[in-house]
Amino acid sequence: MTKKPKKVEARYTVVLDNCGNPDRGQDPSRRLPGTVRKVVSVEDSAAASKACRDYIEENDLGGGNWTGGEIRENGQIVGKVAYNGTIWPPGEFAVGMKPLWPEPKEEVSKPKDPLEWEVAQVDTPYGPILVGGCFRIGNVKSVEGKFAVDDQHYEFMTYATFEESRFKDIQSHNLLRNGVYSDTVTSPKKVQDAVRAAVAAWASVPANMALIVRNEIKDQKKSIQHVERQIASYEEQLAKARDELAGHHSRVAELEEKASQLESRS
């Protein structure tokens, strides 16, 4: 008698759940009518992602409805399935976080975009920052993993404005503790002042401001490309409209000739 193969226990469980979305006039304290919470066993990440996406599609859930996705192994949380099926490490989303599944693909080297903005690294008492952008939308941000205040790691990003030969202003900014988006703290005045002073000192050097001017040139060239694409699209629409107009005129001429022939038979 042939023995049945031993059933392999599923290694993980994943939670399937939802709540109402107040943006759609739904009660956020309750599940959508006709839906239930489920905890299902899955063998791997792909199965966990599929179980979540199947549940989302079966119940017609939007991103604001999805509350499930928690993956456990032996009772310990090991991942979280996002609305789109991507699996992220447990805990809050942070700057630089990489998904657990699918694994990030190796970036294929691409030709450098000739209109890509240049960026300069500038030192501050709290760590290096990156300065770039153009006149209207200059940007200032921390170098990932290297900005710290009182021995605590933070990340930040803010905007600055420049004129043709000088730094004009910088927006106040908050700090993300450990890069976690939901853990935002007010940036101390000493940090704001230090960042502002570092950017102003950098921009006081004409050769550095040349970088911002070059970026402005690139931004203007991008605008030119956008307008040229618009013109090409309008010209294509205009050509189609002219063809359509010619067709109408041709049809009118045919019908007028037809009418004349009919009248002559009377």
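Two strands count as paired here if DSSP finds at least two bridges between them. Keep in mind that what you see is a predicted model.

With that in hand, take strand β3, residues 70–73, and strand β4, residues 76–81: they pair in the antiparallel sense over 4 bridges. As an example of two facing residues, E73 stands opposite Q76 in β4. The hairpin of β3 and β4 has 2 residues between the strands, and N74 takes a positive phi near 55 degrees.

β4 also pairs with strand β5, residues 87–88, again antiparallel, over 2 bridges. Here the bridge partner of K80 is W88 in β5. This hairpin has 5 residues between its strands, and in the turn G85 has a positive phi of about 95 degrees.

Next, β6 and β7. Strand β6, residues 119–122, and strand β7, residues 129–132, are antiparallel, with 4 bridges. V119 sits opposite G132 in β7. There are 6 residues between these two strands, and G127 in the turn has a positive phi of about 130 degrees.

A word on faces. In a regular strand the side chains alternate between the two faces of the sheet. So which residues of β6 are on the covered face, and which on the uncovered one? A120 and V122 are on the covered face, while V119 and Q121 are on the uncovered face.

Now the open sheet. Its 4 strands run in the order β9-β10-β13-β14, with antiparallel pairing. For β14, take its pairing with strand β13, residues 174–177, which is antiparallel over 3 bridges. In that pair, N174 stands opposite T186.

Last, the single residue. S142 lies in strand β8, which covers residues 138–142. Is S142 buried or exposed? Its relative accessibility is 7%, so S142 counts as buried, the cut-off for buried being under 20%. The side chain of S142 makes a polar contact with the side chain of E155, at 2.7 Å. Leaving aside neighbours within four places in sequence, S142 is in contact with P128, I129, F147, Y154, E155 and F156.

Notes:
Residues are numbered from 1 along each chain as its sequence is written. This is a predicted model: local features need pLDDT of at least 70, side-chain atom pairs count only at pLDDT 80 or more; totals for chains, interfaces and linings use all residues. Side-chain values use heavy atoms; hydrogens and water are left out. Buried means under 20% relative accessible area, exposed over 50%, partly exposed in between (1.4 Å probe, protein chains only). A polar contact is a pair of N or O atoms within 3.5 Å; within protein, one must be able to donate a hydrogen and the other to accept it, and residues adjacent in sequence count only if both atoms are side-chain atoms. Contact means heavy atoms within 4.5 Å.
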